[in-house]
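Subject: Structure handover

Hello,

Here is the structure I promised to pass on to you. Please open it alongside this message, and then read on for what turned up in it.

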Protein chains: 2
Amino acid sequence: MGDREFTADCQTRLALDLLSGTWTGVVLWALRDGPLRPGELRARIGGISHKVLTGTLRRLEHDGLVTRRRYAEAPPRVEYALTAPGRGLLVPLSALGRWTERYADDVLDARDLAAEVSGR
Amino acid sequence: MGDREFTADCQTRLALDLLSGTWTGVVLWALRDGPLRPGELRARIGGISHKVLTGTLRRLEHDGLVTRRRYAEAPPRVEYALTAPGRGLLVPLSALGRWTERYADDVLDARDLAAEVSGR
DNA sequence: CAGCATCCGATCTGATACTG
DNA sequence: CAGTATCAGATCGGATGCTG
């Protein structure tokens, strides 16, 4: 989206853009307890491909939400950690989690209902 | 994404998926003060195409975040309004807004820095 | 193990044009 | 004015294979 007309009461756009990728929020959330290596990240998250994880991390790094630390060892070792802005995003993310706890069923019901209506 | 492996500590996925569209969050936010007609929505938001707005509203309706009310009048008149779950999403969204106020500059700086480093 | 390059398929945005 | 259909372009997710 970049920087388009930025309706005054909606600075939320930048943040929504940052989280737009399918896995972005999940990766940030997975890093909430401390630095992790790519392999550990994949294991925890489950279902994310190798390439997509690297891509997501690249973008997070590029936006300053995550730092990449490389250790000069025999088997290459890398760790990713949240920056201050990245940690800050955990607040909205946990708000989203609370919302899900409260309303997930309503959403699923609404979808079922819509499916029934159209499916006959 | 649908219903994939749902890491226990990350129910946030459903909500992230709901907001995944480029305009989803923006439309919800635009409806926060009350029902609006599609035309009004487009005017407020700015930069969203006719088709994409309808598509976004369709999906929101399908997920039970928005209701569509049709008035049988001479010039067709339609209004969209938030449901309870939809209104509930305003909480996480405003948390995202606060995050943006606080960290938007950091993100932009990080991007500039990344651009400089690679651009020489 | 970490990362990159390539290719394919699915999806989304956006422009245009047409129907009630 | 609201909504749908169609088409082109871009992006994204995912699988695979190769390099350090």
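One term first: a salt bridge here is a side-chain nitrogen of Lys or Arg within 4 Å of a carboxyl oxygen of Asp or Glu. Please also keep in mind that this is a predicted model.

Salt bridges

Searching the whole structure gives six salt bridges over all chains.

Let me start with B:Arg111, whose side chain meets that of A:Asp63 in a salt bridge, at 2.7 Å from N to O. B:Arg111 sits in helix H6 (residues 90–118) of chain B, while A:Asp63 is in the loop between helix H4 (50–62) and strand S1 (66–71) of chain A, so this pair joins two chains. How do the partners compare in accessibility, buried or partly exposed? B:Arg111 has 27% relative accessibility and counts as partly exposed, whereas A:Asp63, at 4%, counts as buried.

There is also a salt bridge between A:Arg111 and B:Asp63, with 2.7 Å between the closest N and O atoms. This pair crosses between chains too: A:Arg111 belongs to helix H6 (residues 90–118) of chain A, and B:Asp63 to the loop between helix H4 (50–62) and strand S1 (66–71) of chain B. A:Arg111 is partly exposed at 28% relative accessibility, and B:Asp63 is buried, its relative accessible area being 5%.

Within chain B, B:Arg77 and B:Glu79 form a salt bridge whose closest N and O atoms are 3.1 Å apart. With 23% relative accessibility, B:Arg77 counts as partly exposed. Since buried means under 20% relative accessible area, B:Glu79 falls in that class at 17%.

Where chains A and B meet

How many residues of each chain are in contact with the other? In chain A there are 48, in contact with 48 residues of chain B. The two chains bury about 4200 Å² between them, and 68% of it is on carbon and sulfur atoms. On the chain A side, A:Leu16, A:Leu96 and A:Trp99 lose the most area to chain B, together 14% of what that side buries.

Between chain A and chain B the count is two salt bridges, and there are six residue pairs in polar contact. On the side of chain A that touches chain B, helix H1 (12–18), helix H2 (24–30), H3, helix H5 (84–88) and H6 each supply at least two residues. The largest share of that side, 15 residues, comes from H6(A). By class, it has 25 nonpolar, 13 polar and ten charged residues.

Around DNA strand C

Which residues come nearest to DNA strand C? Of the 17 around it, they are A:His50, A:Arg68, A:Tyr80, B:Trp23 and B:Lys51.

Some contacts to look up: a polar side-chain atom of A:Arg37 is 3.4 Å from a phosphate oxygen of DNA strand C, and a polar backbone atom of A:Gly39 is 3.3 Å from a phosphate oxygen.

The elements giving two or more residues to the surface near DNA strand C are helix H3 (38–45), H4 and strand S2 (77–82) of chain A, together with H4 of chain B. H4(A) provides the largest share, three residues. This surface has seven nonpolar, four polar and six charged residues.

Best wishes

Conventions: Residues are numbered from 1 along each chain as its sequence is written. Chains are lettered from A and ligands numbered from 1 in the order in which they are written. This is a predicted model: local features need pLDDT of at least 70, side-chain atom pairs count only at pLDDT 80 or more; totals for chains, interfaces and linings use all residues. Side-chain values use heavy atoms; hydrogens and water are left out. Helices (H or I, at least four residues) and strands (E, at least two) are DSSP runs, numbered from the N terminus. Buried means under 20% relative accessible area, exposed over 50%, partly exposed in between (1.4 Å probe, protein chains only). A residue is near a molecule or strand if one of its heavy atoms lies within 4 Å of it. A polar contact is a pair of N or O atoms within 3.5 Å; within protein, one must be able to donate a hydrogen and the other to accept it, and residues adjacent in sequence count only if both atoms are side-chain atoms. Ala, Val, Leu, Ile, Met, Phe, Trp, Tyr, Cys and Pro count as nonpolar, Asp, Glu, Lys and Arg as charged, and the others, Gly among them, as polar. Contact means heavy atoms within 4.5 Å. Buried area is the accessible area (1.4 Å probe) that two parts lose on being put together, summed over both.
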